[in-house]
Amino acid sequence: MHATLCDLIMDLVQNSVEAGASEVELTVRETGKQIAFSVKDNGKGMSRDVQAKATDPFYSDGKKHAHRRVGLGLPFLFQTADAVGGRATVESEEGRGTLVEFRAAADHVDLPPFGDFAAAATMMISQAGSFELRIAREIDSDRYTLSRTELEETLGDLNDTQNLMLMKTYICSQEEDLRKAG
């Protein structure tokens with residue numbers, strides 16, 4: 001279920017990986033007035049026909065979840081944007097990739113809580129598969145970046161429990177620095 005914005009973000013990144021993307025770029029920006037994020041990938045993309053249906057909660061191509069006849073990730077994102085007077089968009093080209101963007105007022109009473117970004121980033125980076133995930137995280141004018149490849153080169157196996165804990169601790173420290181600066 002999507003209880004936080006981080007849940008929505010994780011779903012989008014998982015979609016990119018499952019779409020065969022070798023490159024995924026996640027940008028998450030917060031200001032005092034706005035929260036925005038985007039996920040861009042070079043996966044298989046969607047045809048215009050599929051893209052038109054992708055925000056319908058009762059549409060599924062039946063390939064990703066053969067036992068489930070609904071697709072809920074993008075519909076939840078669009079529903080959230082509608083509920084808070086925000087905006088969600090999808091641009092996709094079959095065979096070239098997809099860009100999903102979301103933005104909303106940070107102080108809207110119905111905006112879901114942001115969530116634990118350090119835990120979400122740790123899960124996204126350690127997903128199974130061969131892909132690069134670059135994360136740019138910004139609060140106001142301060143930022144940090146993460147690269148799955150660089151973390152693997154530094155820490156080693158990202159499925160090792162100790163390495164996961166080190167990565168999460170590092171991301172938590174980056175988040176704390178951003179919050180202090182903001």
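Which residues of α6 are buried? I put this to the structure, keeping in mind that it is a predicted model.

**Entry on helix α6.** I looked up the extent of the helix and found that α6 runs over residues 161–181, and that its 21 residues reach 30 Å from the first C-alpha to the last, close to the 30 Å expected at 1.5 Å a residue. I then listed its buried residues, which are Asn-163, Met-167, Ile-171, Gln-174, Glu-175 and Leu-178. These residues lie on the same side of α6, because they cover an arc of only 110 degrees around the axis. When I looked for what they pack against, I found α4 (117–125), β5 (132–139), β6 (142–147) and α5 (148–155). On the other side of α6 I noted exposed residues, namely Thr-161, Gln-162, Met-165, Thr-169 and Lys-180.

**Entry on Ser-130.** I found Ser-130 in the loop between α4 and β5. Is Ser-130 buried or exposed? Its relative accessibility is 72%, and Ser-130 therefore counts as exposed, since the cut-off for that word is over 50%. Leaving aside residues up to four places away in sequence, I noted that Ser-130 touches Ala-21 and Arg-148. I also checked Ser-22, which is 108 residues from Ser-130 along the chain, and found the two C-alpha atoms separated by 6.8 Å.

**Entry on α1 and α3.** I looked up how α1 (residues 5–18) and α3 (residues 73–83) are placed, and their axes come within 10 Å and cross at roughly 145 degrees. The crossing of α1 and α3 is left-handed. From α1, Leu-8, Asp-11 and Leu-12 meet Gly-73, Leu-74, Phe-76, Leu-77 and Thr-80 of α3. Sorted by class, this contact has 5 nonpolar, 2 polar and 1 charged residues.

Technical notes: Residues numbered from 1 in each chain as written. Predicted model: local features only at pLDDT ≥ 70, side-chain atom pairs only at ≥ 80, totals over all residues. Heavy atoms only, no water. Axes fitted to C-alpha atoms, helices over the stretch in contact; angles between N-to-C directions. Helix = DSSP H or I, 4+ residues; strand = E, 2+ residues; numbered from the N terminus. Left-handed = near helix turned anticlockwise from the far one by under 90°. Contact = heavy atoms within 4.5 Å. Nonpolar A, V, L, I, M, F, W, Y, C, P; charged D, E, K, R; others polar. Expected span 1.5 Å × (residues − 1). Buried < 20%, exposed > 50% of the residue type's maximum accessible area, 1.4 Å probe, protein only. Arc of directions from axis to C-beta.
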